[in-house]
Amino acid sequence: IGYITILSTHTGKPWEVGRNYFETVLKIDREELLRRVKCPTLIIHGNKDEDVPLNSSKKAIKILNCIKELKIIKGADHGFYEQLEEFIDLTVGWFKKYLK
């Protein structure tokens, strides 16, 4: 009653999403949260992501008021399964640059 079952597009396995999740998501002011970010921020997005539109990441980059970068991995879906090494390399490079 308090959840729906969604079939994962990546694993084929079902997972339960509670009603509370949807109620919380609807209340969040994402733009306000993004404006408050002060730390260097890297957004990595796959151009084949069918779960989150690429425009969401492009919009987030425009709203952020910090050091920021958007990296788009060609051929990657939401999980970066086939491009995991590139994803990790980008992440580690960012950490090395900004975490001192």
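## Cysteines

A disulfide is a pair of cysteine sulfur atoms within 2.5 Å. By this rule, the count here is zero disulfides. The sulfur of Cys39 has its closest cysteine sulfur in Cys66, 6.2 Å away, so the pair is too far apart for a bond.

This is a predicted model: local features need pLDDT of at least 70, side-chain atom pairs count only at pLDDT 80 or more, and totals for chains, interfaces and linings use all residues. Residues are numbered from 1 along each chain as its sequence is written, and side-chain values use heavy atoms, with hydrogens and water left out.

Cys39 is partly exposed at 46%. Cys66 is buried at 14%.

## Thr41 and strand β3

Thr41 lies in strand β3. Helices (H or I, at least four residues) and strands (E, at least two) are DSSP runs, numbered from the N terminus. Thr41 is buried, with a relative accessible area of 16%.

Contact means heavy atoms within 4.5 Å. Leaving out residues up to four places away in sequence, Thr41 touches Leu64, Cys66, Ile67, Lys68, Glu69 and Trp94.

## Helix α3

Helix α3 spans residues 54-63, and its buried residues are Ser57, Ala60, Ile61 and Ile63. They cover an arc of only 165° around the axis, so they sit on the same side of α3. That arc is taken from the directions from the helix axis to the C-beta atoms.

What covers these buried residues includes α2 (30-36), β3 (41-46) and β4 (68-73). The face turned away from the buried side carries exposed Asn55 and Lys62.

## Surface patch

Ile4, Tyr21 and Phe22 form a nonpolar surface patch, with about 300 Å² of accessible area together. Patches are made of residues with over 30% relative accessible area and no salt bridge; like charges are joined within 9 Å, nonpolar side chains (Val, Leu, Ile, Met, Phe, Trp, Tyr) within 5 Å. A salt bridge is a side-chain nitrogen of Lys or Arg within 4 Å of a carboxyl oxygen of Asp or Glu. Areas come from the Shrake-Rupley method with a 1.4 Å probe; for residues, only the protein chains shown count as cover.

Phe22 is in helix α1 (residues 19-27). Phe22 counts as partly exposed, at 37% relative accessibility.

## Phe80

Phe80 has a positive phi of about 55°, although it is not a glycine. Most residues other than glycine have a negative phi. Phe80 is in the loop between β4 and α4 (84-98). Phe80 is buried, with a relative accessible area of 9%.

Terms used
Buried < 20%, exposed > 50% of the residue type's maximum accessible area, 1.4 Å probe, protein only.
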